[in-house]
Amino acid sequence: MGYADYLKRTLKPLGIYELDEGIGAAELEVLGEALDSVESSLSAVQRNMLPMTAEEEGLRLLESLFTGATGTGSLEARRRALAVMLRLGETECSEQGLNILLEQCGIPADVSETEVEAQVRVTFYDTAGDTSELQRMKRRIEALLPCHLEIVYGD
């Protein structure tokens, strides 16, 4: 049922409008189509403003806020990564908290503290020598981890 039917049902009890034919019926059809179009546009905006329901265009726009940290993988993986990015301020800045963060973003790596203050070591696992993928993951990690930490990659 569209808005034209809704308008007709609403006006019918008044008994003063010709709702099935004529100029009045045509006007209600045109108004109904316009309202259906507005509803469709508003539904798309509402769907795309939330990371967990956003679709391609909405995800792309939300991801542009976090350059380098998201934008890869399946639709669901991208949605999860955005949800994590939007909660970053709540993430505990501990070894365990940072490992959870990387896991939630789908990055196959472990974070461990080093003896040097404000330095962490990031060790990748499940990397099959694809250097471009490794570079992309490093960029994501550097966008995710707190900026006061120096990141050392390796074993």
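User: How many residues lie between β1 and β2 in the hairpin, and which residue in the turn has a positive phi?

Analyst: This is a predicted model, in which local features need pLDDT of at least 70, side-chain atom pairs count only at pLDDT 80 or more, and totals for chains, interfaces and linings use all residues. Residues are numbered from 1 along each chain as its sequence is written, and side-chain values use heavy atoms, with hydrogens and water left out. Five residues separate β1 and β2 in the hairpin, and alanine 118 in the turn has a positive phi of about 60 degrees. Strands here are DSSP runs of E, at least two residues, and helices are runs of H or I, at least four, numbered from the N terminus.

User: In which sense do β1 and β2 pair?

Analyst: Strands of a sheet pair through backbone hydrogen bonds, either parallel or antiparallel. Here β1 (residues 109–113) and β2 (residues 119–124) are antiparallel, with five bridges; two strands count as paired if DSSP finds at least two bridges between them. Serine 112 has arginine 121 in β2 as its bridge partner, while aspartate 110 has threonine 123.

User: Which order do the strands of the open sheet have?

Analyst: The three strands are ordered β1-β2-β3, with mixed pairing. Because β1 and β3 (150–153) each have a single partner strand, they stand at the edges, and one side of each lacks a neighbour in the sheet.

User: What does isoleucine 141 contact beyond its neighbours within four places in sequence?

Analyst: Contact means heavy atoms within 4.5 Å. The partners of isoleucine 141 include Leu102, Val122 and Tyr153.
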